[in-house]
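Here's a quick briefing to read alongside the sequence and the 3D view.

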Amino acid sequence: VFQGRILAQRLVGRETRYEVEVKTPYRHRFPLVRREYVWVPNTCGCPQLQEGGEYLLMAQRHVNHEHTLNRILLQDNAYARPWTPREDRLVREAARHC
């Protein structure tokens with residue numbers, strides 16, 4: 001779970017790749033750097049992420065069967081909400097209990 005700002009969007013094959021500036025990592029089981037690519041396995045624009053927008057993203061690490069591909073994956077039904085101070089407060093409170 002992290003707060004990120006969408007810097008760019010690009011269609012790559014049948015997937016969408018977002019370049020994201022990681023602003024605040026809340027909980028993560030794998031290391032995040034300041035800029036990451038976040039992949040969405042479709043081109044339909046689900047979830048709706050706009051360039052320049054800040055979002056709270058709950059993504060997962062995806063490693064393929066051959067261990068040759070390691071990326072951050074945001075499923076089309078994943079938690080991706082516009083970042084607000086309220087979202088920040090809710091995530092911080094939840095992190096204390098999880």
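Let's start with the rings: searching the whole structure turns up zero aromatic pairs. Keep in mind that this is a predicted model. A ring does feature in another kind of contact, though, with the charged end of Arg17 sitting over Tyr37.

**Rings and charges**
- The charged end of Arg17 is 4.1 Å from the centre of the Tyr37 ring.
- As for aromatic pairs, the count across the whole structure is zero.

**The largest pocket**
- There's about 250 Å³ of space in the largest pocket.
- Its lining takes in Val1 and Phe2, then Arg27, His28, Arg29, Phe30 and Leu32, and finally Met58, Ala59, Gln60 and Arg61.
- By type, that lining splits into six nonpolar, three charged and two polar residues.

**The largest nonpolar core**
- The largest nonpolar core has 17 residues, and those touching the most other members are Phe2, Leu49, Leu57 and Leu74.
- Two or more residues of this core come from each of β1 (2–12), β2 (15–25), β3 (35–40) and β4 (54–57).
- β2 gives the largest share of this core, at three residues.

- Val38 belongs to strand β3.
- Is Val38 buried or exposed? Val38 counts as buried because its relative accessible area is 1%, and the cut-off for buried is under 20%.
- Val38 and Arg61 lie 23 residues apart in sequence, with 9.7 Å between their C-alpha atoms.

Conventions:
Residues numbered from 1 in each chain as written. Predicted model: local features only at pLDDT ≥ 70, side-chain atom pairs only at ≥ 80, totals over all residues. Heavy atoms only, no water. Phe/Tyr/Trp six-rings, centres within 6.5 Å; stacked < 30°, edge-to-face > 60°. Lys NZ or Arg CZ within 6 Å of the ring centre and 35° of its normal. 1 Å grid on protein atoms, 1.4 Å probe; cavity = no way out; pocket = protein on both sides within 12 Å on 5 of 7 lines; lining within 4 Å. Points joined across faces, edges and corners; volume = space filled by probe spheres on them. Nonpolar A, V, L, I, M, F, W, Y, C, P; charged D, E, K, R; others polar. Core = buried A, V, L, I, M, F, W, Y, C linked by side-chain atoms within 4.5 Å. Buried < 20%, exposed > 50% of the residue type's maximum accessible area, 1.4 Å probe, protein only. Helix = DSSP H or I, 4+ residues; strand = E, 2+ residues; numbered from the N terminus.
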